[in-house]
Amino acid sequence: MEQLIEASSHEKVIESYISSIERDGYAYIPKAFDPEQISRAKYLVEDWFAKTVSMQSERMPRLNRDQSMVYNLQNKDMLFIRMMLGNEFIESILKHFLNDCWFTSLPEDAPNYILRSFLARSSNHQMPMHIDSFIPYTGSYPFIMQCSILLEDQTEENGCTVIVPGSHRSDRYAPQEAFGEAISIEAKAGDLVIWDSRIWHGARENRSSGTRWAMIATFCRWWVKQAFDIPGNLPQEIYDQLTDRQKAVMGYCSVPYDSERYGIDMKRNFDLLPVRVEDYRL
Ligand SMILES: O=C(O)CCC(=O)C(=O)O
């Protein structure tokens, strides 16, 4: 009986976050991760930043230029994947908003949305207001959403995320003047923020002498182009540790085939998952 009550109150909590996202375009979820995981992830992010910053392309788009970033966290450590793909709030909320109910080749309770990009970001200069859905529209079905796991407290001083509540249904690209009406999402290490990518958002300038690391994953419906060739580049030893559901989120159930010789189904089932990453298009 007690367990039943607990389960239903948990569902109610998730429903309340879903309602916030529908109404305001975002949800703030305190204490979604335990402090040990967070401090290990922060250590790994800083280590990867030191190892990879000098090999990042010089051709950076406006939003990413001169910002401290670590790209493609899914290729770097299973802990990052476990945190982002193994969190119950994230999975329940994303399934609600991004799952395609016609993706019937996968079990109904499995995610069929995919990972578009997975990075860590520490604020430097102000990040301009933008949307990440590429196109504004007013409908009730989002097709791209972002999840930010705070690895450090974020404040107005160290470059926190800013958001204009309700702007996800504005049907307009983000104007820079909206920075003035944006609210600061101040949060603690271990908190989670999820937003509909149509929302006008950005980040404040970091005026502190420290960092503001957050892990930010962008998830999308299965038919949206990923930011990198994620299925083609996952290290085999990481692929081997993934569950079938996690492989689907990486995009392996919706990769286009090389030709009709191999298949024509855009929505594959778990039985067709490759054993070797190098065979992912077959
Ligand atoms: O770093 C932040 O808080 C905001 C990041 C952001 O706007 C984005 O990843 O699209």
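A residue is counted as buried if 20 or more other C-beta atoms lie within 10 Å of its own, and as exposed if 12 or fewer do, with partly exposed residues in between. In the structure described here, which is a predicted model, the buried residues of helix H3, spanning residues 78–85, are Phe-80, Ile-81, Met-83, Met-84 and Leu-85. These buried residues of H3 pack against the helices H2, H4 and H7 and against the strands S3, S5 and S10.

The strands with which H3 packs, namely S3, S5 and S10, belong to an open sheet of six strands, arranged in the order S1-S8-S5-S10-S3-S2 with antiparallel pairing. The edges of this sheet are formed by strand S1 (26–29) and strand S2 (68–70), each of which pairs on one side only. On average, and with direction ignored, neighbouring strands of the sheet are turned by 20° against each other. Within the sheet, strand S3, comprising residues 114–122, is joined to S10 by eight bridges, and the two strands run antiparallel. Leu-115 has Phe-219 of S10 as its bridge partner, and Ser-122 stands opposite Trp-213, also in S10. S5 likewise pairs with S10 in the antiparallel sense, over seven bridges, and the bridge partner of Gln-146 in S10 is Thr-218.

Helix H2, made up of residues 35–52, lies across S2, S3 and S10 and runs at about 100° to S2. Helix H4, made up of residues 88–98, packs on the sheet and touches S1, strand S5 (144–150), strand S8 (192–196) and S10, its direction making about 165° with that of S5.

Strand S10 is largely enclosed by the rest of the structure, because eight of its eight residues are buried. Trp-213, Met-215, Ala-217 and Phe-219 point one way from this strand, whereas Ala-214, Ile-216, Thr-218 and Cys-220 point the other way, and all of them are buried. The largest nonpolar core contains 71 residues, of which Met-84, Ile-149, Leu-151, Ile-194, Met-215 and Phe-219 touch the most other members. S10 gives the most to this core, with seven residues. When residues up to four places away in sequence are not counted, Leu-151 touches Ile-38, Ala-41, Lys-42 and Val-45, together with Ala-189, Trp-213, Ala-214 and Met-215.

The ligand is surrounded by Arg-121, Ser-123, Met-127, Asp-132, Thr-161, His-201, Gly-202, Ala-203, Ala-214 and Ile-216. S9 gives the most to this shell, with three residues. Classified by type, the shell has four nonpolar, four polar and two charged residues.

A further open sheet is formed by four strands in the order S4-S9-S6-S7, again with antiparallel pairing. Its edge strands are strand S4 (127–130) and strand S7 (183–184), each pairing on one side only. Strand S6, residues 161–163, is joined to S7 by two bridges, and the two run antiparallel, with Val-162 standing opposite Ser-184 in S7.

Ala-32 has its place in the loop between S1 and H2, and Ala-32 is buried because 20 other C-beta atoms lie within 10 Å. Leaving aside neighbours within four places in sequence, Ala-32 is in contact with Asn-87, Phe-89, Gly-190, Asp-191 and Leu-192. The C-alpha atoms of Ala-32 and Ala-187 are separated by 12 Å, the two residues being 155 residues apart along the chain.

Arg-281, by contrast, lies in the segment after helix H7 (244–250) and counts as partly exposed, because it has 14 C-beta neighbours inside 10 Å. With neighbours within four places in sequence left aside, Arg-281 is in contact with Val-255, Tyr-257 and Asp-258. Arg-281 and Gly-232, which are 49 residues apart in sequence, are 8.2 Å apart in space from C-alpha to C-alpha.

Note on methods:
Residues numbered from 1 in each chain as written. Predicted model: local features only at pLDDT ≥ 70, side-chain atom pairs only at ≥ 80, totals over all residues. Near = placed C-beta within 6 Å. Nonpolar A, V, L, I, M, F, W, Y, C, P; charged D, E, K, R; others polar. Pairing = 2+ DSSP bridges. Contact = placed C-beta atoms within 7 Å. Core = buried A, V, L, I, M, F, W, Y, C linked by C-beta atoms within 7 Å. Axes fitted to C-alpha atoms, helices over the stretch in contact; angles between N-to-C directions.
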